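Hi,

Here is the structure I promised to pass on. Have a look at it first, then read my notes below.

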Amino acid sequence: MNAAPPVLSNVENLASNGQPKLIVSTSPATGRKLGEVWAATPEDIKRIMETARLAQGPWERLGLRARLALMRGLRDAMYRNLDRIVDTVVAEQGRPRFEGMIEYWPTIELLSYYLKTARRTLAPEPVFVKLVPHRAHWVERRPHGVVLIIAPWNFPMILSLAPIFAALIAGNTVVYKPSEFASQAGEVFTQVIHEAGIPPEVFQVVHGDGDVGAALIRERPHKICFTGSVPTGRKVAALAGELLIPVTLELGGKDAAIVLEDADLDRTAAGVVWAGMVNAGQACLSIERVYVMRQVAEPLVEKMAQVINDHVRLGPGEAVYTTMGAITTEAQIRIIDSQVREAVQQGARVVCGGRIAEDKGGRFYLPTLITDTTPQMRVARDETFGPVIVVQAVDSEEEALRLANDTRYGLTGSVWTRNKARGLALARQMKVGLASVNDHVMSHSVPNVPWGGVNDSGYGRTRGKEGLLEMTTAQSLSVERLAPLPREFFWYPYSDLKYNLLRRAMHFLYGPTWRDRLRALSRNPY
Ligand code: NAD
């Protein structure tokens, strides 16, 4: 009799013992079982990668017009499956229903944006090359080949589908590994993509944990788009570096908001609390640190506590009154809890929350505000990835900016002020991929802008024009304009005459003054 397969679940993730693994998905809010899938075996991985390699040529040769027609069908399929997609993501992540919908909108809008702009973005670009004016040159965008997309469990919809759309439109085949904690979402996306008529060999899903992710990389995809934590990102980049595979890395953050003394405190409190608590703080771009001018620190903290008190309701996503859902994984709630406990032991003050909500049945953490922290505390320094906001008073704009930038992360940031010019000047100095004034995460939902960080938050961009170009490589092409010359000027034989002609040309083309240039034409210029 076969031993029972090990189970990877949203509740616990058992170690591998070399057996095929079953991934069981349960709601972190209610514990309800949602479904199960088998993790890929080493043989599956080899077969899937080979299939993707073989399918890539025909998919590319299909042409952009035909691929876009299929992608238009995908938008229709997404529309038909709206409730199914949203409900699956909401149930598996234990999120409020509303938040499922606000993830769906930018996702489908991103596809619409690409449907409208991809032809322009991917159009061949002519280049005039002075060195060989008798030849035509231009740059075409070629797909990489097989793109491996490794996704995290938070925001599984936009973080999976954004690179999937771009990769498929550009002519790549896609091997997609959803997080082991979002496998049901991954299944639904796959079914919708296939329902739209994207061939099954062009888009394939592979389930599994980090071992499966690493095994997929070892099969040498032509490009990797990884979204996840910094430690995993480092491993992915190291392995990809060894195999010389280009990677886009979308990693973690410890994002800051700077609140100036002239800010509209009601709007700021509402905006900062939302941006810190949305998705129960499990957002790479959520506000985890607030640096506020001392003269308005107290009223801001009071107003933020009031917003939490008035509006944040914990509960299972299915309930309409819920505004904050569960913590998706057991490991994550332990990180949140240990950071907060440690900060309290070191002298931080909890204004509200500060503990696991044990009476809620599922895996919930109370919305938490903390003050009196020091920059050395883990809660003020490391990614918390939970509903915890640290508020620190500062005495000047410069101090706020210095503290905001004093981090190894650099994903997003915001400045809150009534003075737009002052806000923008500060926003520009934040060392982040995306900064806003009087809003924080909204740009995450604007598909036209590139998304990505600096420093430990990763490199490369998804979404926007850059996100599509990232799934391509530039191929330069060149052909003679008329009939080919018998021989090009640069070819053998070399001669004094050719050398002197070249030398005169350098003077004529690059001489800093007209005199220098005209000298090139004189009888004896040197
Ligand atoms: P994670 O790093 O644990 O896992 C991400 C994915 O990588 C999963 O699919 C996982 O199975 C896979 N994986 C794990 N080990 C691997 C390995 N050795 N090789 C290949 N793949 C491997 O991240 P998570 O816990 O799923 O997601 C949360 C993290 O993601 C947070 O740090 C968050 O800030 C970050 N994140 C970043 C962005 C962004 O756009 N910058 C967006 C969302 C989440």
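Met78 touches Ile85, Tyr104, Thr107, Ile108, Leu111, Leu161, Phe165 and Val192, leaving aside residues up to four places away in sequence; touching, or contact, means heavy atoms within 4.5 Å. Before you go on: this is a predicted model, where local features need pLDDT of at least 70, side-chain atom pairs count only at pLDDT 80 or more, and totals for chains, interfaces and linings use all residues. Residues are numbered from 1 along each chain as its sequence is written, and side-chain values use heavy atoms, with hydrogens and water left out.

Back to Met78: together with Val290, Met78 has the most contacts inside the largest nonpolar core, which has 123 residues. A nonpolar core here is a set of buried Ala, Val, Leu, Ile, Met, Phe, Trp, Tyr and Cys residues joined through side-chain atoms within 4.5 Å. Buried means under 20% relative accessible area, exposed over 50%, and partly exposed in between (1.4 Å probe, protein chains only). Helix 5 (residues 156–169) gives this core its largest share, eleven residues. Helices (H or I, at least four residues) and strands (E, at least two) are DSSP runs, numbered from the N terminus. There's also a second, separate core of 26 residues, with Val175, Leu243, Val247 and Leu249 among them. In soluble globular proteins, nonpolar side chains tend to be buried together.

Finally, the whole chain. An automatic or database assignment divides it into domain 1 (42–252 + 464–474), domain 2 (255–406 + 412–447) and domain 3 (493–526). Taken over C-alpha atoms, the centres of domain 1 and domain 2 are 31 Å apart. The chain has 17 helices and 19 strands, and 54% of its 526 residues are buried.

Cheers
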